[in-house]
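The exercises below ask you to read a structure step by step, from the overall form of one chain down to single residues. Try each task before you turn to its solution.

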Amino acid sequence: MALKLKTLAKLQFRQLSRNKSKGRLYGDIFGVVYFWIIEFVVFFLLREDGTTVPPIAVALVAIGFTIPDLILKFVLERDNTVMDAFLKTRPLSQSRWADFLALSQFWNESNLVMPLALLPACFLFIPPIGGLILFVALYLASVLGGYIVMAVKHRGNYQPEKAVKSYLSKSVKSARGNYISGIQFRSFLRSKRLKTTMIYFSVFFYVYSIIYSLDDTRPIFGIVSVFLFICFLSCSMPQWGFAVEANFFGGIWTRPIAIERLLANKYRFGLLCGSVGGLLCLPLCIWSESLSPFDIIASVLYCSCFCNLLMLMDAYNCVPFDMFGKAFFNNQGSSSTYKGATIIVTFAIMGVGLACLHLLPGWKSQVILSALGLGGVIAYKPFFRWVVRRFMRNRYKYMEKYTSK
Amino acid sequence: MKIELNNLKKQYNSNVVLDVPTLAIGSGELVGLVGNNGAGKTTMMRLMLDLIKATSGSVTVDTMNVAEDPSWKSVTGSYLDSTFLIDIYTPEEFFGFVAEAYDISEQDLKLRLQEYETLMNGEILGTGKLIHDFSNGNRQKIGIIAAMLVNPQLLILDEPFNYLDPSSQIVVAKLIRKMKRDLGTTVVVSSHNLNSINDICDRILLLDKGRVLMDKPHVPGSTDQELEDYFLDAVK
């Protein structure tokens with residue numbers, strides 16, 4: 001009497017299919033589609049230029065992606081080889097569990113993202129047979145990467161029992177502070193998973209901003225990467241805020257705390273993050289001939305004040321983000337929070353901003369983006385009142401979602 | 001504070017989980033809700049706190065409909081489950097959060113926390129731990145303290161004795177009685193522990209499959225044979 005591999009696999013697929021939020025799936029789709037758009041844009045730009053790229057060069061670049069893919073897994077993945085309590089207390093041998101872990105690497109989404117993201121590159125630049133071989137090679141390399149990370153991160157058959165970290169920096173005497181608005185910042189600092197993800201992607205976008213600002217042969221790439229960096233910082237952080245608060249929304253709802261206040265806190269937090277991003281990008285103007293401080297200011301205003309506002313329109317339509325989740329079958333606490341509608345809004349606002357920067361002469365795009373940003377600052381209070389009215393109309397539906405993880 | 005439930009009904013599809021034609025809880029009453037699993041105790045409390053939508057009917061607190069007028073929040077303390085706790089905060093920060101929400105001064109917060117020192121038993125403040133890292137019992141205590149800290153006129157507690165050691169159960173029962181006596185707080189408390197309910201409540205409501213089966217005054221400290229018989233009969 002023992003659990004079979006088939007049962008375990010069925011359990012995992014069922015869990016994935018019944019996960020109401022499909023959050024991780026949407027997040028991965030977002031990443032994949034993002035890369036697809038870039039690849040198609042590069043392909044058509046090169047074709048317009050009449051530039052021919054040798055297939056071997058494409059293959060080498062694609063293979064080069066296995067290294068960041070591996071690094072990404074090292075940074076983001078935690079040891080999830082430990083059995084969940086509901087399995088550990090059942091007749092399931094360690095060897096059977098090890099077999100399942102090995103097998104599950106073949107459909108583990110973190111091993112599928114990289115090859116799928118590079119799928120267009122395989123077939124746009126390389127003949128079909130070669131493209132197929134390259135795609136399979138990338139997939140197997142990613143699976144191999146998954147095995148390496150799993151082996152390195154494996155810490156035994158028990159959840160680590162670390163000494164509890166102390167967060168006490170203030171006594172009750174001096175404990176009065178911004179605890180309502182502070183939820184944003186503290187949740188970011190205290191959730192390892194949230195912090196790691198945010199830092200990783202921030203560094204990723206910032207490094208690309210530096211690289212492209214040094215390359216004046218394609219000036220648009222510099223401002224695009226700076227724009228994406230600022231957009232990520234100002235729009236992502238507030239989005240996570242509601243998913244974190246959803247965990248304890250009952251405790252907020254039953255207290256005299258206005259929803260407008262929660263929204264305004266997130267808006268200001270996004271503004272702060274975007275401004276910090278803008279300040280980090282300003283030095284890039286020193287060595288970049290194509291990047292102007294006004295582009296950066298316009299990007300900050302547009303992303304932090306306008307996009308951030310639009311993104312918050314539907315932010316409460318989320319499921320709780322389990323910041324402390326562990327073990328295998330709980331998706332490492334990531335069963336939230338990207339929604340299909342959010343992805344559409346994200347692409348739309350990014351598209352508008354990028355189209356402005358690309359198609360309009362410098363000062364025109366700066367004026368338009370800044371004007372939209374300033375419009376956001378002027379309109380945010382009435383806008384949030386409208387958002388709150390929408391929230392209140394459907395509040396029970398949302399609150400039910402928060403409690404039914 | 002007076003609470004009234006008028007034609008209150010909650011149903012999921014065709015399944016009626018709560019159906020209370022009328023119920024009034026007077027100001028300063030300490031009401032215990034009892035009933036087996038699925039009786040509708042928590043649903044009733046969630047409706048009182050406007051956490052779920054009533055299929056029909058309303059809950060009013062001092063004539064204010066809780067679904068329309070949020071002013072009840074300023075005078076209500078509640079703890080239903082761990083979703084009322086901010087896991088990423090230390091207890092100090094969480095109490096600070098509550099104080100900020102209710103505009104309680106720093107000095108006042110400190111004084112009020114002293115009243116709960118016996119319950120905290122030196123295990124809650126000053127540990128530096130996040131609420132997430134506390135045991136279920138201590139998390140329960142933090143939630144109860146945060147609800148009572150605001151000196152509410154209405155206190156709603158769902159299963160407050162769960163996870164608590166016997167000594168802490170006695171302390172919580174005393175604190176609830178004291179709050180009612182000193183502040184005239186209206187208290188609604190649910191529990192599966194009949195002894196605790198018998199000890200503190202002056203009115204007991206027995207719920208069964210969403211309906212109020214029994215509603216009777218009670219002398220705190222006495223036992224209710226009719227109530228005990230109901231639960232004994234349920235297993236026969």
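The radius of gyration is taken here over C-alpha atoms, and the rule for a globule is 2.2 Å times the number of residues to the power 0.38. The structure is a predicted model.

**Exercise 1. Overall form of chain B**

Determine whether the radius of gyration of chain B agrees or disagrees with that of a compact globule.

Solution. Begin with the chain length: for 236 residues, the rule gives a radius of gyration near 18 Å for a compact globule, and since chain B has 18 Å, the two agree. Next, take the extents of the C-alpha trace, which spans about 45 × 40 × 35 Å along its principal axes. Then turn to burial, where 58% of the 236 residues of chain B are counted as buried. Finally, consider the contacts in chain B with a separation of 6 or more, of which 67% are made by residues 24 or more positions apart. The secondary structure of this chain consists of 8 helices and 10 strands.

**Exercise 2. An open sheet and its helix**

Work out which strands of the open sheet in chain B stand at the edges.

Solution. The sheet has 4 strands with antiparallel pairing, in the order E2-E1-E4-E5 of chain B. Strand E2 (15–25) and strand E5 (64–65) of chain B each have a single partner strand and therefore stand at the edges, with one side of each left without a neighbour in the sheet. Helix H1 (residues 41–48) of chain B packs on this sheet, where it touches E1, E2 and E4 of chain B, and its direction makes about 60° with that of E2(B). As for the pairing of E1 (residues 3–12) with E4 (residues 56–61) in chain B, it is antiparallel and extends over 5 bridges, with B:Lys9 standing opposite B:Ser56 in E4(B).

**Exercise 3. Parallel and antiparallel pairs**

State in which sense, parallel or antiparallel, E6(B) and strand E7 of chain B pair, and do likewise for strands E9 and E10 of chain B.

Solution. E6(B) and strand E7 (residues 154–158) of chain B pair in the parallel sense over 4 bridges, and B:Thr76 has B:Leu154 as its bridge partner in E7(B). Strand E6 (residues 76–79) of chain B is covered on both faces, with B:Thr76 and B:Ser78 buried on one side and B:Gly77 and B:Tyr79 buried on the other. By contrast, strands E9 (residues 203–208) and E10 (residues 211–217) of chain B pair in the antiparallel sense over 6 bridges, and B:Leu207 stands opposite B:Val212 in E10(B). E9(B) and E10(B) form a hairpin with 2 residues between them, and in its turn B:Lys209 has a positive phi of about 50°.

**Exercise 4. A buried arginine and its surroundings**

Find which residues A:Arg395 touches, not counting those up to four places away in sequence.

Solution. First locate A:Arg395, which belongs to helix H19 (residues 395–403) of chain A. Its relative accessible area is 7%, and because buried means under 20%, A:Arg395 counts as buried. Its contacts, with the stated exclusion, are A:Trp253, B:Asp50 and B:Ala67. In one of these, a polar atom of the side chain of A:Arg395 lies 2.7 Å from the backbone oxygen of B:Ala67. A polar contact of 2.8 Å also joins the side chains of A:Arg395 and A:Tyr396.

Now follow B:Asp50, found in the loop between H1 and E4 of chain B. With a relative accessible area of 3%, B:Asp50 is likewise buried, and its phi is near 55°, a positive value in a residue other than glycine. Most residues other than glycine have a negative phi. B:Glu159, in the loop between E7 and helix H6 (166–183) of chain B, also has a positive phi, of about 50°, and is buried at 10% relative accessible area.

**Exercise 5. Nonpolar cores**

Identify which residues have the most contacts inside the largest nonpolar core.

Solution. The largest nonpolar core has 155 residues, and B:Phe94 and B:Phe97 are those with the most contacts inside it. Helix H12 (residues 219–245) of chain A contributes the largest share of this core, 15 residues. Apart from it lies another core, of 14 residues, including A:Phe43, A:Met114, A:Cys122 and A:Leu138.

Conventions: Residues are numbered from 1 along each chain as its sequence is written. Chains are lettered from A and ligands numbered from 1 in the order in which they are written. This is a predicted model: local features need pLDDT of at least 70, side-chain atom pairs count only at pLDDT 80 or more; totals for chains, interfaces and linings use all residues. Side-chain values use heavy atoms; hydrogens and water are left out. Two strands pair if DSSP finds at least two bridges between them. Contact means heavy atoms within 4.5 Å. Axes are lines fitted to C-alpha atoms, for helices over the stretch in contact, and angles run from 0 to 180 degrees between N-to-C directions. Buried means under 20% relative accessible area, exposed over 50%, partly exposed in between (1.4 Å probe, protein chains only). A polar contact is a pair of N or O atoms within 3.5 Å; within protein, one must be able to donate a hydrogen and the other to accept it, and residues adjacent in sequence count only if both atoms are side-chain atoms. A nonpolar core is a set of buried Ala, Val, Leu, Ile, Met, Phe, Trp, Tyr and Cys residues joined through side-chain atoms within 4.5 Å.
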